[in-house]
Amino acid sequence: MSSEIRVRFAPSPTGYLHIGGARTALFNWLFVRHHGGKLVLRIEDTDIKRNTEEAAVAIYEGLEWLGLNWDEGPHIGGNFGPYFQSQRTQIYERYLKKLQDGGHIFEDQGALRFRSPREHVVVNDLVCGKIDFDLTNPGTHPDMTIRRPDGSWIFHFVNVIDDIEMKISHVIRGEDHLSNTPKHVEIFRALGVEPPNYAHIPLILNRDGSKMSKRDEGAAVATYIEQGYAPEAVRNYLCLLGWSPKDNREKIDIDEVVKLFELEKINRRNAAFDLDKCFWLNGQYIAQMSLERFIELARPFLEKAKIDISDEKYLREVLAIVKEKIKLFKDVPEWTSYFFTEKYEFDSESVKKVFGKPEAAARLKALRDEFARIDKWGLQTLESTLKSLAQSLGCKTGDLVHPARVAVSGRSVGPSLYHMLDVMGKERVLKRFDRIMTQLGGK
């Protein structure tokens, strides 16, 4: 095996990127970034009937979204391609001939099988420890098929050949593959090749202890992208599924995880998936991220909602005042759309509740007149103007705040009113006051 540290993430493009697969990719990525090695992305697409191009695209997008860049593989190339198993048949034929010449293969009803040497295989797993597999009994360990009668290859064989050809030094994968490992070691030995180092990471379980399936809530990485989680928050949460910095910290920067990450520190116990905790961590990230990063993550959702955000300065000011309210980026359009159009709708319940009082429209008219007199539009002036008017009218500040909020946004909840008015600017605010007063019959 190569002295260079080389690992691979080898998904099958038969479904969307599962959170368990993403965590496997992450642990491989952390390991090579810690040791200065190479991460190979290999697409195991031998299952022709179930493979889809959409699933392959979802894998690339999911990894890129999480910031898990690969060093060799699709879109990048490398010295050990092709990186799709469907394009590697000649390589597999060559190794099959080696095994046949060595007397390791026999035919059985059109299928080609590997003749097990019937011995113990000891695996020194970097996470699970030393495991002795007894493969002497043909009843519990039958000779495995490596090529079906239709000529298609079986996973166990091509997986090993690719690991040899791509000079993989460490195989880091889910614990559900542990039972496959002795079969793979038998093929390595038959080819006279030293097997890679193995590290089988604990499974991800649901809160009820069942294995997380593709249908479970939070299982598909695509869901987090659609919902508008911060990628760094999801990546941070995945780091904690089977690994921890040992000091009870939960929010931890990825550069620090790279420094601390060792396979020997992976927890042996299965990891319990908790979507609430991931959501909480996401909230922490959003609250603490820079405004630049917040804008970057919010922008695609605003564009998808066809909101005109061409005025960069205004966009920045709007997002600055709603940032603390946002828990998922998919909610940004809902919190901000009325800032960017005069065609916003009025929530009928809010209008009824606020303007159901006969004096509300008159108070809004008085506030409009006061605001029209302001020369230097700004937070402090807006607040002091509103409060002194409330005093002279003998009403509570809320009796002016609520009508003003509904007038400029069409709803009764949102960021601080003074910040909203300040960002919208005098001309826009007065125009919006006029609009609702017209709607109310010019009272």
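A nonpolar core is taken here as a set of buried Ala, Val, Leu, Ile, Met, Phe, Trp, Tyr and Cys residues joined through side-chain atoms within 4.5 Å, where buried means under 20% relative accessible area, exposed over 50% and partly exposed in between, with a 1.4 Å probe and protein chains only. The model is predicted, and local features need pLDDT of at least 70, side-chain atom pairs count only at pLDDT 80 or more, and totals for chains, interfaces and linings use all residues. Residues are numbered from 1 along each chain as its sequence is written, and side-chain values use heavy atoms, with hydrogens and water left out.

The largest nonpolar core holds 114 residues, of which L30, L319, F329, F339, F371 and F433 touch the most other members. Helix α1 (residues 19-35) gives the most to this core, contributing nine residues; helices are DSSP runs of H or I with at least four residues, and strands are runs of E with at least two, numbered from the N terminus. Leaving aside neighbours within four places in sequence, F339 is in contact (heavy atoms within 4.5 Å) with residues including Y314, V318, P415, M420 and R432. A second, separate core of 32 residues includes V40, I91, I105 and F114.

The residue G73 lies in the loop between α2 (53-65) and α3 (89-101) and is buried, with a relative accessible area of 2%. When residues up to four places away in sequence are not counted, G73 touches L41 and Y83. The C-alpha atoms of G73 and F301, which are 228 residues apart along the chain, are separated by 30 Å.
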